[in-house]
Amino acid sequence: MELIYKGTTKDVYKIDENHFVLQFKHVLSDQGVTSHNNVGTTTEIMNASHSLTTYFYKRLKAIDIPTYYLSSNMEEATITVKPTTLIGNGLIVLCQFPSANTLWHYDQNGHELEDVVSISYFEDEHQNDSIAKSILFEKGILSKDEERSLELLSIDISNFVRTELAKKGLKLHEIKLKFGRDTQNGDLLLIDEISGQNIIAYQDAKYINPLLLDKILLNK
């Protein structure tokens, strides 16, 4: 395999034109994992990220959600994926269910909030301020049809993850989704992790850290 990218949490290898391998790293380079999710040892964090990513991608594949996922090797902590290109600088879609956190469970008049997904768009993972959906078209990042497709796809994915968490008594508050394009046909695909590194969930108003999320969902 040819190493084509060495990242902080994952390295990317090329097998051939149609298959790439993401190696989840047990030893992090540079900054490592730094966020509200910084809980546990490096090995524990990476194992949890890989196992949850595999868990969700297998289920999304079963219901025909378009993703770059092909297969997973649990022993080697790798996933094999389709080759993709970034959308813009690495388009991020933030999906939120405000009432998952009891601090947001009621409005100012005391009325219970409905569980409606709120969507924000970010040109890349380092951007702090969201952008209007129309900007994606104006900058030539997405076509009008792709704007709508991306929105519907984000809603479907976030609702699916929310339902999976609910089966274990968890409430999804927030999930960050990253999308790319299939290099073969240009289709929009979900890429990157789906794990405690980009999910915020609660159980009885208590934040569930990434390692606990992995244990609860996978019955560890």
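## Ground rules

The model is predicted, so local features need pLDDT of at least 70 and side-chain atom pairs count only at pLDDT 80 or more, while totals for chains, interfaces and linings use all residues. Numbering runs from 1 along each chain as its sequence is written, and side-chain values use heavy atoms, with hydrogens and water left out.

## Overall picture

The protein has 4 helices and 12 strands, taken as DSSP runs (H or I, at least four residues, for helices; E, at least two, for strands) numbered from the N terminus. Of its 220 residues, 46% are buried, meaning under 20% relative accessible area, with exposed being over 50% and partly exposed in between (1.4 Å probe, protein chains only). The accessible surface comes to about 11,400 Å², and 47% of that belongs to carbon and sulfur atoms; the areas come from Shrake-Rupley with a 1.4 Å probe, and for residues only the protein chains shown count as cover.

Among contacts (heavy atoms within 4.5 Å) with a separation of 6 or more, 60% are between residues 24 or more positions apart. As for pLDDT, the predictor's confidence in each residue from 0 to 100, the average is 85, and 85% of the residues score at least 70.

(The expected span is 1.5 Å times one less than the number of residues.) After α1 comes aspartate 64, with a positive phi near 65°.

Helix α3 (residues 144-166) has 23 residues and reaches 33 Å from first C-alpha to last, close to the 33 Å expected. Its buried residues include Leu150, Leu153, Ile157, Phe160 and Val161, but also Glu146, Glu147, Glu151 and Glu164.

## Rings

There are 4 aromatic pairs, counting Phe, Tyr and Trp (its six-membered ring) with centres within 6.5 Å; planes under 30 degrees apart are stacked, over 60 edge-to-face, the rest tilted. Tyrosine 55 and phenylalanine 56 have ring centres 5.1 Å apart and planes at 85°, so they pair edge-to-face. Both are buried.

Tyrosine 57 and tyrosine 68 sit with centres 5.8 Å apart and planes at 45°, so that pair is tilted. It links distant parts of the chain, 11 residues apart: tyrosine 57 is in α1, tyrosine 68 in the loop between α1 and β4 (69-73). Tyrosine 57 is buried at 0% relative accessible area, and tyrosine 68 is buried at 5%. Ring pairs join Tyr57, Tyr68 and Tyr69 into a cluster.
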